Amino acid sequence: KDPSAELSEADFNHTDIVFTSDMDTLLQANFFIIAVPTSVEANDQPDMGPLFLATITIGKILKKGDYIVYESTVYPGCTEEDCVPILEKESGLTYIDDFKVGYSPERINPGDKFHTLTNTSKIVSACDGESLEQITQVYELIINKPLHKTSNIKVAETAKIFENTQRDINIALMNELSLICNQLNISTYDVIDAATTKWNFLNFSPGLVGGSCIGIGSYYLSYKAKQKGYDAQLIDAGRRINDSMGSNIVHQIVKKLLAANKHLNQSRVLVMGFTFKEDVADIRNSKVADIIHELQSYKIQVDVIDPFADVEEVEREYGIMLKKKPWGKYDAIVITVAHSQYKNYVEQEFLELISENGILIDIKGIYRNKFHRLFSWSL
């Protein structure tokens with residue numbers, strides 16, 4: 001299954017790939033790539049459970065001469081300080097003498113058919129010079145861009161979370177600027193349009209920051225910094241801003257419902273979009289759930305739709321039941337994810353769903369300057 005729709009069934013025709021969970025089959029391999037999800041726990045500490053369990057699995061069938069390359073996002077030092085000891089314990093083998101380890105961070109963007117695995121430059125690292133060359137040669141079989149070799153594994157681990165943290169901080173800045181613009185009663189997107197006319201302005205947009213990469217990397221870097229006695233002030237501040245955006249958005253929705261003389265415990269809200277980004281089925285760390293749960297805390301009835309998200313998966317992971325389609329009138333419609341098909345709606349379609357004095361909350365500014373009869377608000 002490919003929920004991100006990057007590949008078609010035809011892509012698997014006439015290939016010799018084998019999908020298995022059989023340990024005996026794993027014994028036939030001598031080059032292992034571990035690319036399981038890593039996330040954060042409720043207290044924002046790294047959750048390395050899946051990674052360590054995968055490491056135990058490989059350790060049980062590890063042989064002399066084998067290579068193990070990690071691609072999962074980790075905090076600096078995790079590969080050699082935490083994973084290698086597990087491999088040694090489970091296999092009874094000795095690191096470097098009996099088996100080699102490398103790290104090459106996964107860099108693909110879910111749902112992106114342009115920046116793919118094969119045409120995106122890859123970072124490669126290893127435990128010694130010989131293994132670095134061997135691992136590089138394996139990746140060169142499929143990567144059409146130059147590979148960047150780092151001096152050691154920890155550099156490669158840190159480079160990955162640098163990429164995520166930089167984006168996280170830039171979005172946090174735009175989110176804070178959007179809060180200021182709201183106080184100034186001006187459109188953040190109008191300001192961005194004006195600012196982008198300067199050649200060196202970085203064109204980031206405000207919004208919810210979810211998914212399995214951006215926020216995760218920031219938490220991992222902050223976690224490791226604290227272990228070393230450093231308080232990552234800017235990174236932590238950016239995380240607080242981004243994690244608070246769901247609450248800030250609900251605050252605006254509630255204010256506008258009250259201003260429209262709506263009774264909160266009698267109000268109905270439609271949330272359009274649940275996945276963590278547009279046009280993919282990935283619901284990992286979706287911050288839309290924050291908006292839904294906080295709206296419900298005001299006794300507001302919330303209906304949620306999404307053309308990509310799996311109904312059963314959303315209910316299992318978040319306790320939220322998706323609707324197949326809207327029904328009745330809503331006091332507010334909240335567009336949380338800029339799915340392509342949402343961009344094709346005309347104003348009349350929303351008017352048919354919205355009650356008198358109802359509000360359109362267009363978080364990503366999809367319909368900015370397009371509608372004239374609806375009252376709308378965006379970040």
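Biologist: Strand 8 and strand 9: how many bridges join them, and do they run parallel or antiparallel?
Modeller: They run parallel, and five bridges join strand 8 (residues 268-272) to strand 9. Strands pair if DSSP finds at least two bridges between them. Strands here are DSSP runs of E with at least two residues, helices are runs of H or I with at least four, and both are numbered from the N terminus.

Biologist: Before I go on, what am I looking at?
Modeller: This is a predicted model, where local features need pLDDT of at least 70, side-chain atom pairs count only at pLDDT 80 or more, and totals for chains, interfaces and linings use all residues. Residues are numbered from 1 along each chain as its sequence is written, and side-chain values use heavy atoms, with hydrogens and water left out.

Biologist: OK. Which helix goes with those two strands in the β-α-β unit?
Modeller: Helix 10 (residues 288-297), and the unit is right-handed. That is, with the strands pointing away from the viewer, the path from the first strand over the helix to the second runs clockwise.

Biologist: Why is strand 9 largely enclosed?
Modeller: Because four of its five residues (301-305) are buried. Buried is under 20% relative accessible area, exposed is over 50%, and partly exposed is in between (1.4 Å probe, protein chains only).

Biologist: What stands opposite Gln301 of strand 9?
Modeller: Arg268 does. The charged end of Arg268 also sits over the ring of Trp327, 4.2 Å from its centre. The rule is NZ of Lys or CZ of Arg within 6 Å of the ring centre and within 35 degrees of the ring normal. Lys122 lies over the face of Tyr139 too, at 5.0 Å from the ring centre.

Biologist: Switching to rings: how many aromatic pairs are there?
Modeller: Eleven. Rings of Phe, Tyr and Trp (its six-membered ring) pair if their centres lie within 6.5 Å; planes under 30 degrees apart are stacked, over 60 edge-to-face, and the rest tilted. Tyr342 and Tyr345 are edge-to-face, 6.1 Å centre to centre with 90 degrees between the planes. Tyr367 and Phe371 are stacked, at 4.6 Å and 20 degrees.

Biologist: Which residues form a cluster with Phe350?
Modeller: Tyr342, Tyr345, Tyr367 and Phe371. Tyr342 is buried at 2%, while Tyr345 is partly exposed at 24%.

Biologist: Last one: is Ser178 buried or exposed?
Modeller: Buried, at 2% relative accessibility. Ser178 is in helix 5 (residues 153-184). Skipping neighbours within four places in sequence, Ser178 is in contact with Thr188, Pro206, Met245 and Leu379, where contact means heavy atoms within 4.5 Å.
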